[in-house]
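Thanks for coming, everyone. I'll walk you through one structure today, chain by chain and contact by contact. Please have a look at it first.

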Number of protein chains: 2
Amino acid sequence: MSHRENPRPGGRSARVQAAVHQSVRDILATMDRTDVTIPLIAQRANVTPSTIYRRWGDLQELLADVAAARLRPESEPPRIGSAREDLESWIEQYADEMASGVGRQMLRDVLSSTDGTSVEKCRCYMQQQLAVLIARAEKSGERFPDLEELMDHVISPIIYRILFDCPIGEDYVRELIAKVMQKFKG
Amino acid sequence: MSHRENPRPGGRSARVQAAVHQSVRDILATMDRTDVTIPLIAQRANVTPSTIYRRWGDLQELLADVAAARLRPESEPPRIGSAREDLESWIEQYADEMASGVGRQMLRDVLSSTDGTSVEKCRCYMQQQLAVLIARAEKSGERFPDLEELMDHVISPIIYRILFDCPIGEDYVRELIAKVMQKFKG
């Protein structure tokens, strides 16, 4: 995997990463992204452009790295009730966030990278959250889909619709979850 | 939608489009894409750079337009046997093509566009092919999934796996189709 994975916290490498990520976020908040350049980012982060080129390669990879970091969840899916209810509530929120302008742009940035690190991070964050819900269901003895069923039949259709500009209706997420749960009935 | 949709065949606009698309394909076949620029494309297509900027806006949108055009199917899904067999064979081939290096790059190019034209084209091509299969099933009286079920539970998981670098096993496509067919059993 990439050398930019897990720099030692507090070390020089981690400080550079934090400064460059912050600079990208600040610049993206105020500037049109077609005007963003590595020298501009470097100047604001108080590092040399060559530090950025050496570490990230090019602008596309840097934007993908920043987007992947922003997709890192801050906490586990909240507890609402049953594992199914937790799943419904968490996926609904996830779909809302990803379908927003910022969410779409983050997805696009992650997917435009040709190095596989950012897409892998993004997928792993998602899978870790689902694993938490699966573990809750196991603990409470609820029947629950496995990780592959959730990825293929709940997450994938949502992400496809967001990427390919298809509408996501109000009940769409619950219907997907109901469908994947159905096989446990009767 | 965009002004670059359906130029009159044989007209000047169609000739410019064909020359610029051909130039992009030629250049991408021989050059690293990070070195590709609009002036280079314009020179090879024998048009001015401003013609390209006026029509496509920027390099990203041009690459997306070329990728969408390459994703346009040349013919209907071949007839193998039942509509289900036609579907299996066509989707297997589609998944192979999309999972190849060229296929991934085309998907990435289409998705990196911020104007919705290219993703819409790409999705419509897919839906037209599926509609042909659905019509065949209707004609022969075969039970068959509808367009939404095929998009959500066959196409979406395949595209997600390709975009997020997950393995697609040898029997994966047939298993997805078997699952979406299951509801008609018993």
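Let me start where the two chains meet. B:Arg161 pairs with A:Glu148 in a salt bridge, and their closest N and O atoms are 3.8 Å apart. Keep in mind that this is a predicted model.

Now the totals for the interface. On chain B, 30 residues are in contact with chain A, and 30 residues of chain A take part in return. Interface size is often quoted as the accessible area lost when the parts come together. Here the buried area is about 2,600 Å². Carbon and sulfur atoms give 60% of that. There are also eleven residue pairs in polar contact between the two chains, counting pairs with both residues at pLDDT 80 or more.

Next, chain A on its own. What is it built from? Nine helices and zero strands. Read from the N terminus, the order is α-α-α-α-α-α-α-α-α. The C-alpha trace spans about 65 × 35 × 25 Å along its principal axes. Chain A has 186 residues, and 48% of them count as buried. Look at the contacts with a separation of 6 or more: 66% of them join residues 24 or more positions apart. As for surface, chain A exposes about 9,500 Å². Carbon and sulfur atoms supply 48% of that.

On to charge pairs. Side chains of opposite charge can pair when their charged atoms come close. Over all chains, the whole structure holds 22 salt bridges. Let me pick out a few within chain B.

Take B:Glu88. Is this residue buried or exposed? Buried, at 9% relative accessible area, where the cut-off is under 20%. B:Glu88 has a salt bridge to B:Arg84, at 3.3 Å from N to O. The two residues are four apart in helix H5 (residues 83–99) of chain B, so about one helical turn separates them. B:Arg84 is partly exposed, with a relative accessible area of 27%.

B:Glu88 also meets B:Arg174 in a salt bridge, this time at 2.9 Å from N to O. What does that pair tie together? B:Glu88 sits in helix H5 of chain B and B:Arg174 in helix H9 of chain B, so the link joins parts 86 residues apart in sequence. B:Arg174 counts as partly exposed, at 38% relative accessibility.

Over in chain A, there is a network. Salt bridges link A:Arg84, A:Glu88, A:Glu92 and A:Arg174.

Back to chain B for another pair. B:Asp165 and B:Arg104 form a salt bridge, with the closest N and O atoms 3.1 Å apart. Where do the partners sit? B:Asp165 is in the loop between H8 and H9 of chain B, and B:Arg104 is in helix H6 of chain B. They are 61 residues apart, and the pair links distant parts of the chain. Both partners are partly exposed: B:Asp165 at 39% relative accessibility, and B:Arg104 at 24%.

Last stop, B:Ala95. This alanine lies in helix H5 of chain B. B:Ala95 is buried, with a relative accessible area of 5%. Which residues does B:Ala95 touch, leaving aside those up to four places away in sequence? The answer is B:Ile158, B:Ile162 and B:Val173. For a sense of distance, take B:Glu149. The C-alpha atoms of B:Ala95 and B:Glu149 are separated by 17 Å, and the two residues are 54 apart along the chain.

Within chain B, buried B:Glu88 pairs with B:Arg84 and with B:Arg174. Happy to take questions.

Technical notes:
Residues numbered from 1 in each chain as written. Chains lettered and ligands numbered in written order. Predicted model: local features only at pLDDT ≥ 70, side-chain atom pairs only at ≥ 80, totals over all residues. Heavy atoms only, no water. Contact = heavy atoms within 4.5 Å. Buried area = accessible area lost by both parts, 1.4 Å probe. Salt bridge = Lys/Arg side-chain N within 4 Å of Asp/Glu carboxyl O. Polar contact = N/O pair within 3.5 Å; in protein donor to acceptor, adjacent residues only side chain to side chain. Buried < 20%, exposed > 50% of the residue type's maximum accessible area, 1.4 Å probe, protein only. Areas by Shrake-Rupley, 256 points an atom, 1.4 Å probe, with all protein chains shown as cover.
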